[in-house]
Protein chains: 4
Amino acid sequence: MLFKKIESEGLAHFSYIIGDQTEAAVIDPRRDIDVYLEEAKKEGMKIKYIFETHRNEDYIIGSKALAAVSGAEIFHADGELNYQYGEAVEVDREYKLGRLKIKALHTPGHTKGSHSYLLKDYDGSPWMLFSGDILFAGDVGRIDFYGEEKLPEIAGLLYDSLYNKILPLGEEVVLCPAHGAGSVCGSQIAEREVTTIGIEKRSNPYLQYQNKEEFVAEVGEMEAKPKYFRIMERSNLNPSAKKSTPFIPALNPDEFENLMQKENTAVIDIRSDSDYAASHIPGSIFLWEDILASFVGWFFDNNQQILLINDGKYPEKAAKSLFRMGYENLSGYLARGMLSWHMAAKHTESTNIIKVNQLCDLLDVNSDSEYQLLDIRQEEEKEEEGYITGSLEIPLTELQANLENYLEQIESGNNVYVFCGSGMRSMTAASLLENKVESEVCVVLGGLNAWSSTSCPIKI
Amino acid sequence: MLFKKIESEGLAHFSYIIGDQTEAAVIDPRRDIDVYLEEAKKEGMKIKYIFETHRNEDYIIGSKALAAVSGAEIFHADGELNYQYGEAVEVDREYKLGRLKIKALHTPGHTKGSHSYLLKDYDGSPWMLFSGDILFAGDVGRIDFYGEEKLPEIAGLLYDSLYNKILPLGEEVVLCPAHGAGSVCGSQIAEREVTTIGIEKRSNPYLQYQNKEEFVAEVGEMEAKPKYFRIMERSNLNPSAKKSTPFIPALNPDEFENLMQKENTAVIDIRSDSDYAASHIPGSIFLWEDILASFVGWFFDNNQQILLINDGKYPEKAAKSLFRMGYENLSGYLARGMLSWHMAAKHTESTNIIKVNQLCDLLDVNSDSEYQLLDIRQEEEKEEEGYITGSLEIPLTELQANLENYLEQIESGNNVYVFCGSGMRSMTAASLLENKVESEVCVVLGGLNAWSSTSCPIKI
Amino acid sequence: MLFKKIESEGLAHFSYIIGDQTEAAVIDPRRDIDVYLEEAKKEGMKIKYIFETHRNEDYIIGSKALAAVSGAEIFHADGELNYQYGEAVEVDREYKLGRLKIKALHTPGHTKGSHSYLLKDYDGSPWMLFSGDILFAGDVGRIDFYGEEKLPEIAGLLYDSLYNKILPLGEEVVLCPAHGAGSVCGSQIAEREVTTIGIEKRSNPYLQYQNKEEFVAEVGEMEAKPKYFRIMERSNLNPSAKKSTPFIPALNPDEFENLMQKENTAVIDIRSDSDYAASHIPGSIFLWEDILASFVGWFFDNNQQILLINDGKYPEKAAKSLFRMGYENLSGYLARGMLSWHMAAKHTESTNIIKVNQLCDLLDVNSDSEYQLLDIRQEEEKEEEGYITGSLEIPLTELQANLENYLEQIESGNNVYVFCGSGMRSMTAASLLENKVESEVCVVLGGLNAWSSTSCPIKI
Amino acid sequence: MLFKKIESEGLAHFSYIIGDQTEAAVIDPRRDIDVYLEEAKKEGMKIKYIFETHRNEDYIIGSKALAAVSGAEIFHADGELNYQYGEAVEVDREYKLGRLKIKALHTPGHTKGSHSYLLKDYDGSPWMLFSGDILFAGDVGRIDFYGEEKLPEIAGLLYDSLYNKILPLGEEVVLCPAHGAGSVCGSQIAEREVTTIGIEKRSNPYLQYQNKEEFVAEVGEMEAKPKYFRIMERSNLNPSAKKSTPFIPALNPDEFENLMQKENTAVIDIRSDSDYAASHIPGSIFLWEDILASFVGWFFDNNQQILLINDGKYPEKAAKSLFRMGYENLSGYLARGMLSWHMAAKHTESTNIIKVNQLCDLLDVNSDSEYQLLDIRQEEEKEEEGYITGSLEIPLTELQANLENYLEQIESGNNVYVFCGSGMRSMTAASLLENKVESEVCVVLGGLNAWSSTSCPIKI
């Protein structure tokens, strides 16, 4: 029997391949599908079914690419949408997989057509539930896609799915959600690599409500919806069947510089924050490799030509992250990294950085009016970790979309000290603001985490 | 957070590595330890603890090798034994692992000193139980190591461990046993790759008893204990810290033939049953690669020099299987396999094979006296799949130890048709009997599985 | 600087990737192109050029697939042909590759438009010659593609290329041919993994001629040209850009049996000769995995559906071999191999095998009329290893194409003993003859190699 | 036939595995020997011989480790030394390797007992020469190990080896030296991945002399000999048989900081120069990962405990580089890199960097007395690339050994601008000088390479 959770790092997305005898099924395949083929090969299986839990909005689905190679049948949820491939899953139908059966359960909430898939044990009892974006470890999926006025309705659907369909399956049932901690799809997802319905019943805050009224009254709020969600949604009705990440050419400094000048071209620097701070190519935007997949959609368009700056080795991981998010126009990367750029004596910029103790000393002797704190964290982080007194609050994800607006607020002439959790996203903010404000923008290394381990005048 | 089940194929043994932040622990490491080191590297962890659930008797434990490389502390169960390494685990002590805790539970049964390890969730509630050989999916560990007269006592201990310590942890707790389906440590282990205490409570036959009396009365019987168990038990009080599988030299036919003549040398043919049947080196014993780890200990001594015959490529998988069982004297393998042997015109033998329909036809016209059926399956297989009427029953595992005895029973002069489940083990029996009986020994291809799909005079 | 020889096993084809700084070039890429991309990634290079030495007839060229992924420019030789991609190489043009240069030399012979590529050292002197099918280690390419009457003309062209273009480059120049020992493109290719023009000048029999007249008089003969050559030739004017080997589904015995019945379906058994002999599926053709790429084109059409029988693991290597030869319709393989077939009690056949000493004994007491020797080796093998007195000679490669003809010659009612070098190809012959002749067909294990190490009445 | 060049990156060391039929030999194995075992496995060979060309002084030889695993016989050169393993190679003896032969040639020069190994073709003619440190592509090995007064004697020996033993083998012979471009063992080694005796005869400056007198008069000079050479020389008479790189534990910032305080502990930062410049742990020495193997021996003792700072992923490549140089006490690396250090608000330092154009502007307006240029390149680089007018010259490799001396020269109070080829080694110098001089030390990014592409007052 085959059961494997496939994690797509950066996205914290989980897909699954399960199988028995010579038949396997994949739940919510990602776009780079080799991993499923390799598992099937290793186990001596064919891929019979591909099941989607919902029309995904946060990455390109791999169903079509996987079916093209494997000959699997695709069943999608949200069947009312205008899919150009596969067929709609039948509610409550049981699909045979070797000696096992998978049952499709309609569990609306995240989307109206969301489905969960229940794998039954050899004796027919409930065994594992693939719950998509309905139920995570410690969290539930967002329910604001249908607008604010629909929140109560959708919350009600979610309540019924959770309390009347999923919980009754039994505490012993293994829960296999579509996302883990670190996903944009659930900010409170717990770091529980393995969980069960019983564990969630015990610990998940959304499973502690007494009744539907209470649940509907308290659960659900409008969240930012990046424009790339719309693009993914459209793509996922007819995703590309292309299965391989593009090959990214190595460029020497002259070639790189030439391509940078071309229209509609973005330069993304995926090194560390301090590396970027010391020396970077003017005009490059900083986006740390480890969070590239989560953030790229907020700042760049899928049709842009992308140039990458990293340590100078082939950017395999970045290529995968970008491919999963639908970015395929990868014009090249700087061979040997900034070393070759420096050796060619090409122009560079640097960004100011400051350590918390330095900042602390500085603030001690300064009056409030001579500096500005810029807090670029998301709302839920602030709720959890505390607000910085007196700071200007601009979530990083909104910075670029409303840049003109925000520039005015920032433009005080004073030094701006940028805060996030660790300094990584602050460096992205600084790179977006570079040469756009008169103030000196300065990234606080270590961010809030560093700050909270010192005793300083800023109140959190 | 890191959680990974490591399966040792052939042994159906499960070890685990779990970790949080920079700290990892390994439960019951196997001897080829690279897999644990690789996981720790990938996750950016050190290996802090090694926990053993009991003194193992069916493979060489890797604790000492892993500690030597990683600097981990070893804690073993069965603390009353005279271990030459590590220290005894403390009952009910909680060991810190990043932000998590692991609690050692004394769960006697399989051995008196068996321990299970309970991983607690971030909030302190029970999360996963590493249950060693106490509780498997669908089965429990054998309890006959202390002799027949102690069976009731040990069964009582097991009952208390199962019903009073493990079940109360909660149905939602994920269960991580030390063996899966196909292990010699539990013949009824279910093919459930993932299970929970609740699923076992529902389905495991050993968790369905009403009270201790009933349980003690019905559970437990004496099983065959191969001599290699004693060797493993001794080894595992002070296992070798050698961590790499030996390098096996490629031999040409002349070199192979020379080494075969040496004293205390065994030739093991790990190809398919039909390949062996068509042509094999006289004196070689057939043992199919996929079951090598499970059966080698019944037929070969650890101090024997071993020569391997396979498809002629480097026998990596066999080297691993043998290493895990403590076989390190691997003198070589026949380069390019039997092809080179044939091209050198060296002597070969063949073994008779028969298909079930041929046998069926044959038996139709024969009187009972002119052939003999030899059933070499284990007792529990016969219980489950049925007995073959009129067959001579010699479990394969006992054939060699009592060969003289059995030869007499076989020596009827009639054709002997050997049955097992599939034909694979029958071929091993035939290779053990080759040139030892006057009768013509003939392997039934497909074995009982084939037989049960035809309609023939032999009653099962 | 990058220089890597890529061997395609089974075909004994060599392609090359060379590069300097950020620029690489590939010579004669094979169809599964990942290997070139991986090298370029590892070295931090883009792929700038693809050079073809001639229009290949023995495998599908990967130029178009590689260019599609990498953006490389393709230059092909035999520019007079009607290519649907790339552009014709310019004679004597030097192509820049980092600080190096590659010069295209027109070296007709194998084909009229064959080119060799000369890599120059940093100082401009000749360094390596990529000689395609013109000059091999110990051999030259065949020159019979333009018909018998053109042999002298082509031999003259070849002489000029070898003696007037290649030899003058200097003895020190490293020679990089397109094939190694074991290729169908040169039966006498030496096992020299590395060679130079000087070594060939010293040892290659084709470089020992005194003058053109002598060369033209002695070199060149008509050889068999399989029909698949024509297909490759056509394909390679516009090869598929598909870059991945197909995914082959695992089949259970019932599924396999069903697909076998379909029209235009071939079953290829790629196990060992003895495995096939003991038990195989009726109708399956034996073709040992290691020679699959070289022989598949003689017996099967590219549009056939192919089913594979192997050891039951995923047939990765066979998939690659078939893909390189343009076979993409791979319907499946038998999961778990013949074991599952036997367990399902499905019908099998066996083939007679005999060892040389047995045959030797047998022939001793038989008169000539009661048996028949069938020698299926190629002409050049017989020239080198000797003829078997009194044998019927049918090269394996011609057996199927003229089956009716040959059946008559074989059909004597006597036992037929089939010989090749090792027994492997004899088993293929036996599988082609199965159920087609009344005689008992019997494969001589070890073949001529075994025979020559015994003393027997058959004269070689 | 097997021929494979194994490059040890960082050291630019080449070892070789060659083989025929089932027998392989390894020339000058490195310490991490898995690569040879893997090749032998892939080809179906045993390892029969290990040949050493000389007692190595620049890395730990793997002969003993490889023999322990494979059972190979070891033959070493420099037989007059007091080896604790293997046996001395016999001059002119031919060693059988399958159907091939390897002949040991005494070729003194680099050391008095240096040997080259000549692989002969199947027909007995010279094929490949494994020339150790005697003859490289474009260079010869250093000959100053026996002191200045012996230079003429050793030069004479080298001349005879080159002109009277090696050149007569023939221009067509493939040359396989022990080092490539970038090695400390030959500063002028050419980037010729493949070469022949003929190519060297044509291009190697050391093969252009008219007679021995001229050669002896001009070739040979004393070079710096780092103390680690002595340690390697001693080690290599009885190297450790340990074959695996140590496992390096991941440390959190507190653990890292604690271990830093321990005596005899070195902290090596292997990130990029700009990453180090922006923020590093006080007391850490910068040594870029790509040149770690070449430089570690100049600055650190083998018995020191080493802590590593990198990007926070497992430092596999660094572990290998250090292991090859005999550094085994690897106490740990900082998990998640400087990000975790920043988040823990621990103390950091930064280093000044300057771009060439900035420096250029600066120098324009400054008088000579107000700054100091520090050129840390090796003598041969300066010869090739030019001297910087007015600079203080301290080769990096000598900086630490004579630190007190040099500090005085540097200690002018003026800004010090450090130059090397690219900036990487300048950062190492800056890290060695940190907090030791009053002057502000400033690394010139891009170094001489950058400088030479601008027009500035400093003369090169």
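In what order do the strands of the open sheet of 6 strands with mixed pairing stand in chain D? Point 5 gives the order.

1. This is a predicted model, in which local features need pLDDT of at least 70 and side-chain atom pairs count only at pLDDT 80 or more, while totals for chains, interfaces and linings use all residues. Residues are numbered from 1 along each chain as its sequence is written, chains are lettered from A and ligands numbered from 1 in the order in which they are written, and side-chain values use heavy atoms, with hydrogens and water left out.

2. Chain C is superposed on chain B by a rotation of 180 degrees with 0.0 Å of shift along the axis, at an RMSD of 0.0 Å (least squares on the C-alpha atoms of residues with pLDDT of at least 70 in both copies). That is the relation of a two-fold axis. The C-alpha of chain C nearest the axis belongs to C:Asp275, 2.1 Å from it.

3. Between these chains, 29 residues of chain C are in contact with 29 residues of chain B (heavy atoms within 4.5 Å). The copies meet through the same surface, because 100% of the interface residues of chain C are also interface residues in chain B. About 2,200 Å² is buried between the two chains, 57% of it from carbon and sulfur atoms (accessible area, 1.4 Å probe, lost on being put together and summed over both parts). In chain C, the residues that lose the most area to chain B are C:Leu339, C:His342 and C:Met343, together 24% of what that side buries.

4. The interface of chain C and chain B has 2 salt bridges (a side-chain nitrogen of Lys or Arg within 4 Å of a carboxyl oxygen of Asp or Glu). B:Lys313 forms a salt bridge with C:Asp290, with 3.9 Å between the closest N and O atoms.

5. In chain D, the order of the sheet asked about above is β7-β8-β9-β10-β13-β14 (strands are DSSP runs of E, at least two residues, numbered from the N terminus; two strands pair if DSSP finds at least two bridges between them). β7 (94-97) and β14 (195-196) of chain D stand at the edges with a single partner strand each, so one side of each is left without a neighbour in the sheet. Strands β8 (100-106) and β9 (115-120) of chain D pair antiparallel over 6 bridges. D:Ile102 has D:Leu119 as its bridge partner in β9(D).

Methods: Helix = DSSP H or I, 4+ residues; strand = E, 2+ residues; numbered from the N terminus.
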